[in-house]
Amino acid sequence: MQAESRTPLLGPGHEQEWARINAEEQAQLDASNLALTIPQRLEMGQKLSQDAVSMLVAGYRAGLVPERALWS
């Protein structure tokens, strides 16, 4: 057991621990999503859409996105 505590969590052999961590995070996300009202969900969706467009425009300005991506 001591050998496991000395290895980093990102190292091999910690799959069960990561599965537990991921399950806890998913449960928290599910609970917070269920707590949102419809207007809150719409507001969050609009904010995410605006953020996505902003990222696309920033990528275009940096020369990382072709111009046609903005008009498709």
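## Questions about a predicted helical chain

Guide: In this predicted model, the protein chain has four helices and zero strands, and read along the sequence they follow the pattern α-α-α-α.

Visitor: How do you know that the span of α3 agrees with its 24 residues?

Guide: At 1.5 Å a residue, the 24 residues of α3 should span 34 Å, and because the end C-alpha atoms of α3 are 35 Å apart, the two values agree. Helix α3 covers residues 38–61, and just after α3 comes G63, which takes a positive phi of about 80°.

Visitor: What radius of gyration would a compact globule of 72 residues have, and what does the protein chain have?

Guide: A compact globule of 72 residues would have a radius of gyration near 11 Å, whereas the protein chain has 20 Å. Taken along the principal axes, the box filled by the C-alpha atoms is roughly 55 × 35 × 15 Å.

Visitor: Why is L70 called partly exposed?

Guide: The class of partly exposed lies between the cut-off for buried, under 20% relative accessible area, and the cut-off for exposed, over 50%; L70 has a relative accessibility of 25%, and therefore counts as partly exposed.

Visitor: What makes A62 exposed?

Guide: A62 has a relative accessible area of 52%, and because exposed means over 50%, A62 is placed in that class. A62 lies in the loop between α3 and α4, and although 30 residues separate A62 and S32 in sequence, their C-alpha atoms are 35 Å apart in space.

Visitor: What share of the 72 residues is buried, and how much accessible surface does the protein chain have?

Guide: Buried residues, those under 20% relative accessible area, make up 6% of the 72 residues in the protein chain. The accessible surface comes to about 6,500 Å², and 61% of that surface belongs to carbon and sulfur atoms.

Visitor: How far apart are the mean positions of the positive and negative charges?

Guide: The protein chain has 6 positive and 9 negative charges, and their mean positions are 7 Å apart.

Visitor: In which helix is confidence lowest, and in which is it highest?

Guide: Confidence is lowest in helix α1, residues 2–6, at a mean pLDDT of 55, and highest in helix α3, at 95. Where pLDDT is low, the predicted coordinates should not be read in detail. Over the protein chain the average pLDDT is 88, and 92% of the residues score at least 70.

Technical notes. Residues numbered from 1 in each chain as written. Predicted model: local features only at pLDDT ≥ 70, side-chain atom pairs only at ≥ 80, totals over all residues. Heavy atoms only, no water. Helix = DSSP H or I, 4+ residues; strand = E, 2+ residues; numbered from the N terminus. Rg over C-alpha atoms; globule rule 2.2 N^0.38 Å. Buried < 20%, exposed > 50% of the residue type's maximum accessible area, 1.4 Å probe, protein only. Areas by Shrake-Rupley, 256 points an atom, 1.4 Å probe, with all protein chains shown as cover. Lys, Arg positive; Asp, Glu negative; His and termini not counted. Charge placed at Lys NZ, Arg CZ, Asp CG, Glu CD. pLDDT = per-residue confidence, 0-100. Expected span 1.5 Å × (residues − 1).
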